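Keep the sequence and the 3D view side by side.

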Amino acid sequence: MFFKLKRIVKNGKVLKNESLKKHTSFKIGGKAKFFVEPADIAELIDLMEYLNAKNIKHYVLGNGTNVLVCDEGFNGVIVSTKQLNSVRLNSDYVQAFCGATLNEVCKFYSDHNMAGFEDAFGIPGSVGGAVRMNASAYQFEMGKMVAGVFALVNGKISYFTNEECKFKYRNSAFNNAIIISVDLIKTTMPCNHERMHYILNLRKTFQPLNMPSAGSVFKRNLGEPVSKIIDELGLKGFNVGGAKVSEKHAGFIVNCNNATAKDVKKLIEIIKKEVYLKHKIVLEEEIKFIEN
Ligand SMILES: Cc1cc2nc3c(=O)[nH]c(=O)nc-3n(C[C@H](O)[C@H](O)[C@H](O)COP(=O)(O)OP(=O)(O)OC[C@H]3O[C@@H](n4cnc5c(N)ncnc54)[C@H](O)[C@@H]3O)c2cc1C
């Protein structure tokens, strides 16, 4: 299969037995049997056609900042969007390709003196991941900046209007689709450059950015912030193996000492159990698990 993949992805990367630690912000997990990075959209489309036709298990990875890869790795093909990263100005929209980082988009808006992405500065994901997850922070919500999305659905390119994207909290219509590019709304208000730096400083102050993590582990709860609930249970600093509840932000689990996915999962179960016993709240994970 390696040579077949190489024939399809001629200019991109095809790697065998690639450690996924290198490709995720958690720096946890086993190897992917194949790790493929198409160099352009044509290669991505041909690759997906082949994988679908042969029924080969695959998983689309953006910047890997919201995933936990299991220790056994992934016995299929990881499709990385990293190289599909251009951002350009069209007459009607800003067109961002799936692998561009949200920070690149923030800088693009800032360079063109357009408001809209200030509060997203510092979210470490890709455009594809941010649309799929409907990433949000402070006053920013990805879905509010999207005019439409080109996505691959069952091998065919379709255009989704904002309404068809069905943006919800940490969810969208793209569970079984591959986001190719996104038309982002051009704004007329000037960019608030100071706000971008203010937001980045807030992140540095309140988030453990010096340690590997996948951001907030759990989805928001309707009542109090999840981090406050976990903090009040005295779980800050509590660890299982190399995985620890961050002392800086109790909603984050950090990889402080070669954590395994098993460590993280055990810690998640303990947190969920404690929160349920005390508050009768069932926490739901925000992070996605890459498993066989
Ligand atoms: C330090 C830190 C801070 C964070 N802060 C925030 C925050 O403030 N707000 C927030 O919302 N999130 C935050 N996150 C989480 C994460 O950055 C976002 O969820 C981000 O949008 C994920 O993008 P990604 O490219 O890393 O996605 P990945 O982790 O690669 O993937 C996440 C999901 O998206 C899917 N996906 C990725 N690309 C595509 C594509 N092209 N088409 C279809 N599906 C795709 C994957 O299959 C997977 O299901 C934070 C994470 C970290 C580590």
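Helices here are DSSP runs of H or I with at least four residues, and strands are runs of E with at least two, numbered from the N terminus. The model is predicted. By that count the protein has nine helices and 17 strands.

Start at the ligand. A residue counts as near it if the C-beta atom, placed from the backbone, lies within 6 Å. The shell around the ligand holds 32 residues. Which element gives the most to this shell? Helix α4 does, with five residues. α4 covers 127–133. Four strands also supply at least two residues each: β3 (58–61), β8 (136–137), β12 (178–185) and β13 (213–216). The residues that come nearest to the ligand are G62, G125, G128, G129 and G215. By class, the shell divides into 15 nonpolar, 15 polar and two charged residues.

Now take the domains. The domain assignment lists domain 1 (2–80), domain 2 (87–185) and domain 3 (208–290). Between domain 1 and domain 2, the C-alpha centres are 22 Å apart. The two domains touch: 11 residues of domain 1 are in contact with 13 residues of domain 2. On the domain 1 side, helix α2 (residues 41–53) provides the largest share, five residues. That side of domain 1 is made up of four nonpolar, six polar and one charged residue.

Strands of a sheet pair through backbone hydrogen bonds, either parallel or antiparallel. To locate the pair in the 3D view, look for L15, which stands opposite F35 in β2.

Finally, step back to the whole chain. Along its principal axes the C-alpha trace spans about 50 × 50 × 30 Å. How does the radius of gyration fit, and what would a compact globule have? With 292 residues, a compact globule would have a radius of gyration near 19 Å. The protein has 19 Å, which agrees.

How values were computed:
Residues are numbered from 1 along each chain as its sequence is written. This is a predicted model: local features need pLDDT of at least 70, side-chain atom pairs count only at pLDDT 80 or more; totals for chains, interfaces and linings use all residues. Domain bounds come from an automatic or database domain assignment. Two residues are in contact if their C-beta atoms, placed from the backbone, lie within 7 Å. Ala, Val, Leu, Ile, Met, Phe, Trp, Tyr, Cys and Pro count as nonpolar, Asp, Glu, Lys and Arg as charged, and the others, Gly among them, as polar. Two strands pair if DSSP finds at least two bridges between them. The radius of gyration is taken over C-alpha atoms; the globule rule is 2.2 Å times the number of residues to the power 0.38.
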